[in-house]
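Please look over this model with me before we discuss it.

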Amino acid sequence: MKKITLLSLLLLVNTLKAQNELLSLLGDQEVNQEVYGTFKGTKVINGQSVEMPSQSALFFIIEHRFGTINSGAYELWGLDQASMRMSFEYGVREGVVLGVARNTFQKTYETSIKTRLLRQKEGAGSRVSIATYHAAFINSMRHIDSDREDLFRSRLSYVHQVLIARKFNRAFSLQFSPTLIVRNLVSLTSMNNNYMAMGVGARYKLSNRVSLNGEYFYQFDRPYEDFENSLSLGFDIETGGHVFQLHLTNSQGMFERAFVGETRGKWSDGDIYFGFNISRVFQ
Amino acid sequence: MRLLSVALFLFTVSPILAQKYITRAAEVSFLSDTDAIEVVAAKNDQVGAVIDLSNGDLAFQVQMRAFHFKIALMEEHFNENYVESDRFPKATFRGRFVDLPLPNLLTEQELSVKGVMDMHGVQKEMTFAVVLSWQDGSLQGTSSFDLRCSDFNIEIPKIVSDKISNEIQVTVKALLTKL
């Protein structure tokens, strides 16, 4: 009896062993090791992230910033004043995205191109993802300054960015965004036409669908002393084809020239704007 | 004692007697309920499969990252939010044909397979039908069965539960050649 038990035990062990051996015959198969989901949206909050629509995907993004929270009950703590940005981003091919946008602020039109240079991989391969972002901004306000000629080139400003991001683990991602802003026309002779800034963006996933985001842009040669550095905090909430981003920021502008170099709000004074971005994917 | 030595003998030589058939390019595709608004469909053609005809054992290994979707964002969500492929990079199935010894496969045979599916950190015993036949010296196996996401702790949030079905139809197609 003992022998039979031993035998059947041995056979059972043998079966499991055989099946495990079969599995090990397959070895570890190579699969795509590219890191996905460094950020949930193509914007961290105000600034661009390394994420972009894939080939032939179209993102439609609506962004709102309300008035300052400290404006009181009469303005319903800012909700009466809304500034908007609408944009389309289209993946012409994998890693190349063209965008157009329209901002309420100075009735600004935007055209942009974002390209992916490098993608972070697990194991061997790149440890960071790198993308570049270039945009031209066109101020389309009616010309009212009769002392100055209405030149098209005076309405233009640009941003050039390198976006370098790393997803450290499933929850935490960090991005550095060296930024150059170029303005063809400035309002005071004491202002710089070109200036540099460094953006830092981060996200921390609280759950599979919610993450906490933060973003800061430090200006190296501040074009004008009254302007603040942009600081924003918010949440990303993802639901299938939508990403909702809710945030508090001291910048009302939603394009680089406006929020990197022309932020007027002071967090310490309560000049904080509540806002949201909603993106929808069409494919 | 003799019995034990026979068993030990079998234990050690069985791998040599084995008739193993293998592929690293089997196809697994899945489709969520077509009644749902958003059809979720994906295909993985890098699936590993081994069948040992001598004892009826079989094993499958599925790399979750190798499932490809038409919509890139769906693929990202699949990996990040549903199967969590960074934590659970592969799914495996280890099993055995129920009716042994295997019949000769001169004609197509529908056979039952019983084993353990290991996916998303959950092990579940499963039985399903497999159609097995010879195809020019290669062994062809096909199967289709339903999986419930909830059985494998794959949570579908309420907000998308009307879009994404809990029931997933899985189809497996493998052409195995002699090892």
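The points below go from confidence to the fold of chain A, then to chain B.

1. Ground rules. This is a predicted model, in which local features need pLDDT of at least 70 and side-chain atom pairs count only at pLDDT 80 or more, while totals for chains, interfaces and linings use all residues. Residues are numbered from 1 along each chain as its sequence is written, and chains are lettered from A and ligands numbered from 1 in the order in which they are written.

2. Confidence. pLDDT is the predictor's confidence in each residue, from 0 to 100. Chain A has a mean pLDDT of 89, with 93% of its residues at 70 or more. For chain B the mean is 84, and 87% of residues reach 70 or more. The complex gets an ipTM of 0.74 and a pTM of 0.82 from the predictor. Where pLDDT is low, predicted coordinates should not be read in detail.

3. Layout of chain A. Chain A holds two helices and 12 strands. Helices (H or I, at least four residues) and strands (E, at least two) are DSSP runs, numbered from the N terminus. The order from the N terminus is α-β-β-β-β-β-β-β-β-β-β-β-α-β. Chain A is more spread out than a compact globule, because its radius of gyration is 25 Å, well over the 19 Å that the globule rule gives for 283 residues. That radius is taken over C-alpha atoms, and the rule is 2.2 Å times the number of residues to the power 0.38. Along its principal axes, the C-alpha trace of chain A spans about 110 × 40 × 35 Å.

4. The barrel. The 12 strands of chain A form a closed barrel in the order 1-2-3-4-5-6-7-8-9-10-11-12, with antiparallel pairing. Neighbouring strands in this sheet are turned by 20° against each other on average, direction ignored. The axes here are lines fitted to C-alpha atoms, for helices over the stretch in contact, and angles run from 0 to 180 degrees between N-to-C directions. Strands count as paired if DSSP finds at least two bridges between them. Strand 6 (residues 156-167) and strand 7 (residues 172-183) of chain A are joined antiparallel by nine bridges. Within strand 7 of chain A, I181(A) is the bridge partner of V159(A).

5. Of the 283 residues in chain A, 36% are buried. A residue is buried if 20 or more other C-beta atoms lie within 10 Å of its own, exposed if 12 or fewer, and partly exposed in between, with C-beta atoms placed from the backbone. Contact means that the C-beta atoms of two residues, placed from the backbone, lie within 7 Å. Among contacts in chain A with a separation of 6 or more, 57% are between residues 24 or more positions apart.

6. F137(A). F137(A) sits in strand 5 (residues 129-139) of chain A. Leaving out residues up to four places away in sequence, its contacts include T108(A), L156(A) and F255(A).

7. K43(A). This lysine lies in the loop between helix 1 (2-26) and strand 1 (58-68) of chain A. K43(A) counts as buried, because it has 25 C-beta neighbours inside 10 Å. Not counting residues up to four places away in sequence, K43(A) touches Q48(A), S49(A) and N277(A).

8. Strands of chain B. Strand 3 (residues 57-63) of chain B is mostly covered, with six of its seven residues buried. Strand 3 pairs antiparallel with strand 2 of chain B over five bridges. Four residues separate these two strands in a hairpin, and G56(B) in the turn has a positive phi of about 80°. Seven bridges join strand 3 to strand 5 (residues 90-97) of chain B, again antiparallel. There, Q61(B) has T92(B) as its bridge partner.

9. Helix 2 of chain B. Which residues of helix 2 (residues 72-82) of chain B are buried? They are L73(B), M74(B), H77(B), F78(B) and Y82(B). Just after helix 2 of chain B, E84(B) takes a positive phi of about 50°.
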